[in-house]
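Welcome! Here is a short tour to read alongside the sequence and the 3D view.

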Amino acid sequence: MVLAAVIRGCSRQSLKPHLNSIASYLSQTQICQGSEDSHYMEQLLCCVQALIQVGQEDCKESSLQLMEVLVTVMAVAGAAGLHDKVQETMNLLALMQKYDGTLDLYQQHIDQLMEWLTLSHQNWNCHSIELLQFEVVVTQSGPVLGKALNYFIPILKTCLQPTKDPQMRLKFFTILSQVLLKASSTVDSQQQFHGHLETVIKDILVPNLQWHAGRTAAAIRTTAVSCLWALIHSEILSSKQIIEIQELLMPQIINTLEEDSKMTRLMSCRIINIFLKYCTDIADADKFIKIYPELLKRLDDASNEVRIAATSSLISWLKCIRNDDDKKSFYKGNIQYLYKELLVHLDDPDNTIQDAVLGVLKEGSILFPDLLVEEIEAVKYKHRSLVYCEQLLQHIQSTRGIL
């Protein structure tokens, strides 16, 4: 408070020789991170505001140090209602340097800010103030983040290892999901993210999708699945890249179909559906066959949303076989079993589920229509209503004339 008053009492000319020294003092770790008390942070912010208001364009040489202080205040004082004041101060700092806005500040300082954070990232935990600073820089820098991947990805790789603090890993995955949801305007703004994709998949997602006991471990798997869904849904990946990801991650995602979290099961069904849609060749028939029983289990899920997502994935699974005439006969026994199980669910009490299952059976009828007719005739009188069985029989009869 006293320092801010002294600065405001100075003229620009008298402050100029001391401006850099004051800015460096404020950005020192023991000062800048010395307290999480909101009043302390507010006074620290007042000092920065005073420096900018009095120093004006002279602040350009101290811009990095002032940014470090502002990032810290924004990181630790969010609950104190200082976010807007910090943003206003950043805007003022940008204005004094004749920039269009705060993104230009990040453009100028992103490398130094990331280097500043990288110095200590090996030792972070969920209580580290540096983690909060990292979140501010990553989420506030927008498209500038795409120019700092050589810092961003290694920090993620280090801090998301299974040996690291679980709560910190949860926080990191939340940050990663946030930027992946807007990947084209954040991590992939420079179209360079593909160069780090292997690290993200092999060194970050795969280890964190492994099963470990406990609620925290389950929460980490959920956030990892969320990141994968955000990445796939971002539309920054090529078909070839999705196929490569599928080959690496399909076993782990199949396992997450059994998670307690409904959201995890739902996202896993949707991810598998996308993987299967990009299936151009069934290279490993044994691995491929293991997919459909896991999707069938989800037809008994407590959530209708998950059940419907599972039917969509089953349709995609059947289309993969339909597109592989050379191997179609190899799957006949499995398809017959699938017919039997689906016909049970065709008699579901919920019409929405019946409609979804009917869609799967219609897609599957193209493979072995005569076999499906036999299975329908064997069970249709056990159903509460013949309506869906008759619809399916009519569909098979109509497609026979086409095929």
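**A first look**

The protein chain exposes about 18,800 Å², of which carbon and sulfur atoms supply 49%; accessible areas come from the Shrake-Rupley method with a 1.4 Å probe, and for residues only the protein chains shown count as cover. This is a predicted model, where local features need pLDDT of at least 70 and side-chain atom pairs count only at pLDDT 80 or more, while totals for chains, interfaces and linings use all residues. Residues are numbered from 1 along each chain as its sequence is written, and side-chain values use heavy atoms, leaving out hydrogens and water.

**Overall form**

- The protein chain has 21 helices and zero strands, counted as DSSP runs (H or I of at least four residues for helices, E of at least two for strands) numbered from the N terminus.
- Along its principal axes, the C-alpha trace of the protein chain spans about 95 × 35 × 35 Å.
- The radius of gyration of the protein chain is 29 Å, whereas a compact globule of 403 residues would have one near 22 Å; the value is taken over C-alpha atoms, and the globule rule is 2.2 Å times the number of residues to the power 0.38.
- Buried residues make up 53% of the 403 residues in the protein chain; buried means under 20% relative accessible area, exposed over 50%, and partly exposed in between (1.4 Å probe, protein chains only).

- Helix H12 (residues 215-233) has 19 residues and should span 27 Å at 1.5 Å a residue, which agrees with the 27 Å between its end C-alpha atoms; the expected span is 1.5 Å times one less than the number of residues.
- Just after H12, glutamate 235 takes a positive phi of about 65°.
- In helix H20 (residues 369-379), Pro369, Leu371, Leu372, Glu375 and Ile376 are buried.
- Seen down the axis of H20, these buried residues fall within an arc of 160°, so they line one face of the helix; the arc is that of the directions from the helix axis to the C-beta atoms.
- Glu374 and Ala378 are exposed on the other side of H20.

**Salt bridges**

- The structure holds 19 salt bridges, each a side-chain nitrogen of Lys or Arg within 4 Å of a carboxyl oxygen of Asp or Glu.
- Arginine 221 forms a salt bridge with glutamate 259, their closest N and O atoms being 2.4 Å apart.
- Arginine 221 lies in helix H12 and glutamate 259 in the loop between helix H13 (239-255) and helix H14 (262-277), so the pair ties together parts that are 38 residues apart in sequence.
- Glu258, Arg265, Glu294, Lys297, Arg298 and Asp301 are linked in a network of salt bridges.
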